[in-house]
Amino acid sequence: MRALVVDHSEAGPVRFADVDEPVPSTGEALVEIRHICLNFGELNYVHQWPAGAVHGHDAAGVVVRAASDGSGPPEGTRVAVGMAPHAWAERVAVSPASLGTVPEGVDLADAAALGIAGVTAFRVLRKRSLLARDVLITGASGGVGHFAVQLAALAGARVTALVGSPERAAGLRELGADRVLTDLAETGDRFDLVLDTVGGPLVAQAWSSLAEGGTIHLVGYSSGQETTFPSGALFGFGEPRSIATYGDMTPTGGELTDLLGLMAAGRLSAPVGLRGDWQDVGDAVQALFARKVHGKVVLDVA
């Protein structure tokens, strides 16, 4: 079968290759993949995976062989694959713990967009009550950001979305952002929670805007820049503030099911900014790296 594998050469980060068919264990389902979803991190930091390995973590498709131990969804079930290894292939063996059943009315391509981005936003934002709280989402025009804006608004937060340019602000108010900024200096507000996908100097800026008892959750570092705190910035009186890292790699099935339910109810939309054929993966990667995509990249598997 065909798959996208890790390519460490200058032609990379991925290339097509013929690979062996997956052989599911007794606790794995065999899924025929219909759509894959690209993530900036797994492509930009491809050196972290071995050359030639089937790449990718997010996809959606149909179960063509249920797990032989009786666990998981039956044959014919439409499923989202989230944060599972080796997902960018025509077929993949997946633990049911990494699958979410796609309800009727939800497009499989939209379901493919959930994965890492949707689950990351969901897991961070459910750590505390957000009702009437001030929440800052940085990099709000990206995949995690689009989901985070919607989920924070659904939870009753006052949402401020921060983007890199006015052009990247499109549609964020419609998703639930109360304000959209291109510079944190535009506001003097204090935030109870910051979900940061950018890293670099912005983290120090967000720290100075953090309310007593507030937390910055670091879920990415797309800027690639270092963070430097001014002398004395990490000292303060009042209720302690904190910076939390994120790296939860536990199975995603439960969160995928919750998010797909919100989609089916019309309360959550998939931020698909680029849809195409996986034959054109090279162009899609270039668009993603050039920050020309608002939201997620979903490619159809022919």
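Guide: Helices here are DSSP runs of H or I with at least four residues, and strands are runs of E with at least two, numbered from the N terminus. The model is predicted.

Visitor: Where does G56 lie?

Guide: G56 sits in the loop between α1 and β4 (58–65).

Visitor: What makes G56 count as buried?

Guide: Buried means under 20% relative accessible area. G56 has 1% relative accessibility, so G56 counts as buried.

Visitor: Which residues is G56 in contact with, leaving aside neighbours within four places in sequence?

Guide: The contacts of G56 are E42, A84, P85, H86, A87 and W88. Contact requires heavy atoms within 4.5 Å. As for H8, 48 residues from G56 along the chain, the two C-alpha atoms are separated by 15 Å.

Visitor: How many aromatic pairs does the structure hold?

Guide: Five.

Visitor: Why is the pair of F16 and W278 called edge-to-face?

Guide: Two values decide. Centres must lie within 6.5 Å for a pair, and planes over 60 degrees apart count as edge-to-face. The centres of F16 and W278 are 5.0 Å apart and the planes stand at 90°, so the pair is edge-to-face.

Visitor: What parts does the pair of F16 and W278 tie together?

Guide: F16 belongs to strand β2 (residues 14–18). W278 is in the loop between β14 (272–277) and α8 (281–289). The pair therefore ties together parts that are 262 residues apart in sequence.

Visitor: Which residues of α6 are buried?

Guide: The buried ones are L202, V203, A204, A206 and W207. Their cover includes β8 (134–138), β9 (158–162), β11 (191–196), β12 (210–218) and β13 (242–245).

Visitor: What lines the largest pocket?

Guide: The largest pocket holds about 1,300 Å³ of space. Of its 45 lining residues, F40, G41, T197, V219 and G220 are the closest to its centre. The helices α1 (40–44), α3 (115–125), α4 (143–154) and α6 (201–208) each give at least two residues to that lining. By class, the lining has 20 nonpolar, 19 polar and six charged residues.

Methods: Residues are numbered from 1 along each chain as its sequence is written. This is a predicted model: local features need pLDDT of at least 70, side-chain atom pairs count only at pLDDT 80 or more; totals for chains, interfaces and linings use all residues. Side-chain values use heavy atoms; hydrogens and water are left out. On a 1 Å grid over the protein atoms alone, a cavity is a set of points where a 1.4 Å probe fits but cannot get out, and a pocket is an open set with protein on both sides within 12 Å along at least five of seven lines; lining residues have an atom within 4 Å of a point. Grid points are joined across faces, edges and corners, and a volume is the space filled by probe spheres set on the points. Ala, Val, Leu, Ile, Met, Phe, Trp, Tyr, Cys and Pro count as nonpolar, Asp, Glu, Lys and Arg as charged, and the others, Gly among them, as polar. Rings of Phe, Tyr and Trp (its six-membered ring) pair if their centres lie within 6.5 Å; planes under 30 degrees apart count as stacked, over 60 as edge-to-face and the rest as tilted. Buried means under 20% relative accessible area, exposed over 50%, partly exposed in between (1.4 Å probe, protein chains only).
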